[in-house]
Amino acid sequence: METNLLCLEKECAFNKSGSCYASHIKVEGYDAYITPETYCDTFRDSSSFSLSNYGGNISLTSTQNISCSADNCKYNISGGCSASFVQINPQNANCETFITK
Ligand code: SF4
């Protein structure tokens, strides 16, 4: 399966080989002006979160399934993400694709 959302946060329970299976994600960063001020709020540490007990939808996530509060990002359109490709970083699950307007 193809997706345009690459997640390098391998510690996340929803991550399988760089693809996200959270079905949709929430990226936070309301006051962000740089990438480290953004983060994926859907991240769940695999050491303490088990998908086998998870009652939510487990399906491949793409950029169309992102809700984002980073209003200062040029890709943010009314809380959605218009980027054709998004990368979530291994450090604190922040959004590498963030760029200021
Ligand atoms: S590219 Fe911008 S709008 Fe898209 S998820 Fe990252 S911070 Fe949010």
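Good morning. I begin with the span of residues 66-98, whose end C-alpha atoms lie 13 Å apart. In this predicted model, that span is 0% helix and 30% strand. Residues 66-98 are listed by UniProt, in an unreviewed entry, under "domain: DUF1540", and the record gives residues 10-43 under that name as well. For residues 10-43, the end C-alpha atoms are 10 Å apart, with 0% helix and 29% strand.

The largest nonpolar core comprises 20 residues. Leu 5, Ile 25, Val 27, Ile 66, Val 86 and Ile 88 are the residues with the most contacts inside that core. Two or more core residues come from each of the elements β1 (5-7), β4 (25-28), β6 (66-68) and β9 (86-88). As general background, nonpolar side chains in soluble globular proteins tend to be buried together.

Which residues does Ile 66 touch, leaving aside those up to four places away in sequence? They are Leu 5, Ile 25, Val 27, Gly 79, Gly 80, Cys 81 and Val 86.

Is Asn 15 buried or exposed? Asn 15 counts as buried because its relative accessibility is 12%, and the cut-off for buried is under 20%. Its side chain reaches the backbone oxygen of Glu 9 at 3.2 Å. Apart from residues up to four places away in sequence, Asn 15 touches Cys 7, Leu 8, Glu 9 and Lys 10.

Thank you.

Methods:
Residues numbered from 1 in each chain as written. Predicted model: local features only at pLDDT ≥ 70, side-chain atom pairs only at ≥ 80, totals over all residues. Heavy atoms only, no water. Buried < 20%, exposed > 50% of the residue type's maximum accessible area, 1.4 Å probe, protein only. Polar contact = N/O pair within 3.5 Å; in protein donor to acceptor, adjacent residues only side chain to side chain. Contact = heavy atoms within 4.5 Å. Core = buried A, V, L, I, M, F, W, Y, C linked by side-chain atoms within 4.5 Å. Helix = DSSP H or I, 4+ residues; strand = E, 2+ residues; numbered from the N terminus. UniProt positions renumbered as here; feature names shortened; annotations may be inferred.
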